[in-house]
Amino acid sequence: MTFRIQPAMLKIAAAAWLLGATSAMADTTLEFTQWWEPELPAGSLRAIMNDFEAANPGIKVTLVSGPYATTRDQISVGAATGTLSDVVGLDGAWVNNLNAQNALADMNPMMDASGFDKTQVADIIKVDGKAVMFPVASFVYPVFVNMDLAAQAGVTKLPSTRAEFLEAAKKMTHADKNQYGWVLPLSLQTPSGVQNDLMSWVWASGQSMMADGKPALEGKPVVDMLTFVKSLNDAGVISPGIATKTEQEKVEEFVNDRVGMMIDSLAHVNLIRKRNPKLNFDLIPVPVVENYNGKRGLPYASWGIGISAASKHQEEAWKLVQYLMSEKVNAKLVSLANAFPGNVNAKPDFVTSDKAFGKAFEIFKTGYLANEFTGLPVAEDLMTQFDVEAQKMLAGEQSPEQAAANAQKGWMAKF
């Protein structure tokens, strides 16, 4: 028996095919470039994207993932050629240069149009008034204290002020045993020690290295910080090799009981435990100047997020940004990353299950995120210039005031 397809059936089939094709064509595919996926548990970021796609029919997300350095170079090329992904993972040190190329969209109009609650985010990174980045996950830098070395030295009260820190460092220093109270990495190869280990003392006391958007290194906050660090060096409480020491070497010294206290990223807690499971340590905020009772600034590094100015899908890109910054999703992401949330209402799982992270979360909640290098032009160059002058000071070649003045001159040439 021959089965003949009727014209009406053909019309129905064609209409169904056309409807399906139109629906498929209507899907928007967002490209999201970041270095986060390799640093998270396998498949976890893709799972979050799958959840986003389920909640936003018609939007698909393609993850473009790679190591940090590779991602930085890829974003730099994309900005220069106008081919930047719709959504981009950002480091705060990049945003000024990207903004100068008009590569990043201003999220202020998107926040206003969508009624986005700005009070829910820990920080909004702005350049020239444009909101170009949200920190999605933040890795704060408290002071790590070796509690066994502190107990042996008779340090019964962990330091809260600079003066108390100096006294504790003196007690914990035994040069004959290659044991020191503090460690300061100022290698010029990785000048982030200026940000994490020097300026953190300024921010902790609610102070600033800037004034009206310009460097203010000759002001009292920075000069006092340099004077304090010089006093630590003069007292012989800093581990030797400051000028060549890297952050990795700093952590190794702490792990091996050669340093009593260090300022370091919370991201290293699990690394420290893996390297020395018996190490008994606690976390405290960076000590402050005498009689300061305000909120303490917390130095931090972040996984930031922004939207390409060249994206043809900024509305959909903004939906993804909002999704990652929402309370529940943000809590899930930072729990996977062992980081602190970009949404102030989000609470990561580990703060209730891990004592050290719980302590750090309390520090986080009572302070505020502070990193004035975020958004500055050629931030790494600025750190290097300051590093050179600080090293000269510690070598006895100039005073704290001269170091600050020379760094100020070098910085102003960049502004």
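Me: Which residues is W36 in contact with, once its neighbours within four places in sequence are left aside?
Reply: Contact here means heavy atoms within 4.5 Å. On that basis W36 touches L45, G89, V136, W303, G304, I305 and L333, with neighbours within four places in sequence left aside. Keep in mind that this is a predicted model, where local features need pLDDT of at least 70, side-chain atom pairs count only at pLDDT 80 or more, and totals for chains, interfaces and linings use all residues. Residues are numbered from 1 along each chain as its sequence is written, and side-chain values use heavy atoms, with hydrogens and water left out.

Me: OK, and which residues touch the most other members of the largest nonpolar core?
Reply: A nonpolar core is a set of buried Ala, Val, Leu, Ile, Met, Phe, Trp, Tyr and Cys residues joined through side-chain atoms within 4.5 Å. Buried means under 20% relative accessible area, exposed over 50%, and partly exposed in between (1.4 Å probe, protein chains only). In this model the largest core has 80 residues, and F32, W36 and F134 touch the most other members. Strand β5 (residues 130–140) gives the most to this core, with eight residues. Domain bounds come from an automatic or database domain assignment; the core takes at least three residues from each of domain 1 (13–139 + 301–370) and domain 2 (143–284 + 376–414). There's also a second, separate core of 54 residues, with V145, A150, I242 and M383 among them.

Me: In which sense do β1 and β2 pair, parallel or antiparallel?
Reply: Strands (E, at least two residues) and helices (H or I, at least four) are DSSP runs, numbered from the N terminus, and two strands pair if DSSP finds at least two bridges between them. Here β1 (residues 28–34) and β2 (residues 59–65) are parallel, over seven bridges. T29 stands opposite K60 in β2.

Me: Is N291 buried or exposed?
Reply: N291 counts as exposed, at 71% relative accessibility. Look for it in the loop between β11 (281–284) and β12 (297–298).

Me: What is the mean pLDDT of the protein chain?
Reply: pLDDT is the predictor's confidence in each residue, from 0 to 100. The chain's mean is 91, and 94% of its residues reach 70 or more. Over residues 12–24, though, pLDDT is below 50, and this stretch has zero contacts in the model beyond near neighbours in sequence. Where pLDDT is low, the predicted coordinates should not be read in detail.
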